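Welcome! Here is a short briefing to read alongside the model below.

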Amino acid sequence: MLQTLYDYFWWERLWLPVNLTWADLEDRDGRVYAKASDLYITLPLALLFLIIRYFFELYVATPLAALLNVKEKTRLRAPPNATLEHFYLTSGKQPKQAEVELLSRQSGLSGRQVERWFRRRRNQDRPSLLKKFREASWRFTFYLIAFIAGMAVIVDKPWFYDMKKVWEGYPIQSIIPSQYWYYMIELSFYWSLLFSIASDVKRKDFKEQIIHHVATIILISFSWFANYIRAGTLIMALHDSSDYLLESAKMFNYAGWKNTCNNIFIVFAVVFIITRLVILPFWILHCTLVYPLELYPAFFGYYFFNSMMGVLQLLHIFWAYLILRMAHKFITGKLVEDERSDREETESSEGEEATAGGGAKSRPLANGHPILNNNHRKND
């Protein structure tokens, strides 16, 4: 049974164009071709990435946060209350009005006190500013290095300038060590993101992030199996070109460097729109959809690869919408912040705001810090 499933999975008609077999991609005459077994190394590398990340956040990101004066807001903790805690853990973090009244009778507190308790308890569970900064620092470092390395891998290749050469001789295209390591490192990093996503800062697009990571892992793996490596290196470098800008903007945002953050965000928005909504669909997708059909009939691998590219493109459109919303807020003088962030709740209406450094009492909060005029520094 398992052997039959294995044979069907690796059936050549799924992965390769007609009249080609796996034998055509066996190493010979000093030419090395991509093999599925190459990807086994990505799982231990992903675990290595998690270990490196731990020490990076501890010994690099944390001191950097102190250097940039990343400050935490003092949070008021919810007082111990077994009745409310049990409801919070088992029934929900946002009790309805009828539930508030019931909890009020059970706990002996007023309805206002119950609502206040739940606000404080939710704020306790929200990630700290330092945690957000360390995560952004780690991703910024990887994406920047990956982008530089990716450009070094592809910039001297003829298919970087003439995309028809992506398919020249396909699939009999040997790989070189730089392509191998670029693929292994990128795939390992996305595995590590998937492994850590449950403990990382959760944003409003949490489900979309999971879909993105899974689609990226499948796309990278499949492109390796089917020897779509030339196209794959172009796609990975294209994605890395804007990601490090977003992460650097977040870092400066958490540090309170608002002008720097806003300027980097504008650059990021421009790069994102150009790369994800112009170059990717009109150059890269055109390259993977049109040019292959000039060489061989469409096969399952062709449809599958381009379907996964379509999923990524839909996610890019979704994120572009969020980016444009933030850009609109910036242009109209409103606060520019990550639309995906989970904002910390305030008790300012009750005069119970806890502030760090004073002078911010009764002001609205974003991510646990007072929002000031857009032309001033803000610690959100």
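Leaving aside residues up to four places away in sequence, S137 touches F56, A61, L64 and M251, where contact means heavy atoms within 4.5 Å. This is a predicted model, in which local features need pLDDT of at least 70, side-chain atom pairs count only at pLDDT 80 or more, and totals for chains, interfaces and linings use all residues. Residues are numbered from 1 along each chain as its sequence is written, and side-chain values use heavy atoms, with hydrogens and water left out.

**Around S137**
- S137 sits in helix α7, residues 129–154; helices are DSSP runs of H or I with at least four residues, numbered from the N terminus.
- With a relative accessible area of 2%, S137 is buried (under 20%, using a 1.4 Å probe and protein chains only).
- The S137 side chain reaches the backbone oxygen of F133 at 2.8 Å.

**The largest pocket**
- The largest pocket holds about 440 Å³ of space; a pocket is an open set of points on a 1 Å grid over the protein atoms alone, where a 1.4 Å probe fits, with protein on both sides within 12 Å along at least five of seven lines. Its volume is the space filled by probe spheres set on the points.
- Its lining has 18 residues, with W10, K35, A36, S37 and F225 nearest the centre; lining residues have an atom within 4 Å of a point.
- Helix α9 gives the most to this lining, with three residues.

Key:
Helix = DSSP H or I, 4+ residues; strand = E, 2+ residues; numbered from the N terminus. Buried < 20%, exposed > 50% of the residue type's maximum accessible area, 1.4 Å probe, protein only. Polar contact = N/O pair within 3.5 Å; in protein donor to acceptor, adjacent residues only side chain to side chain.
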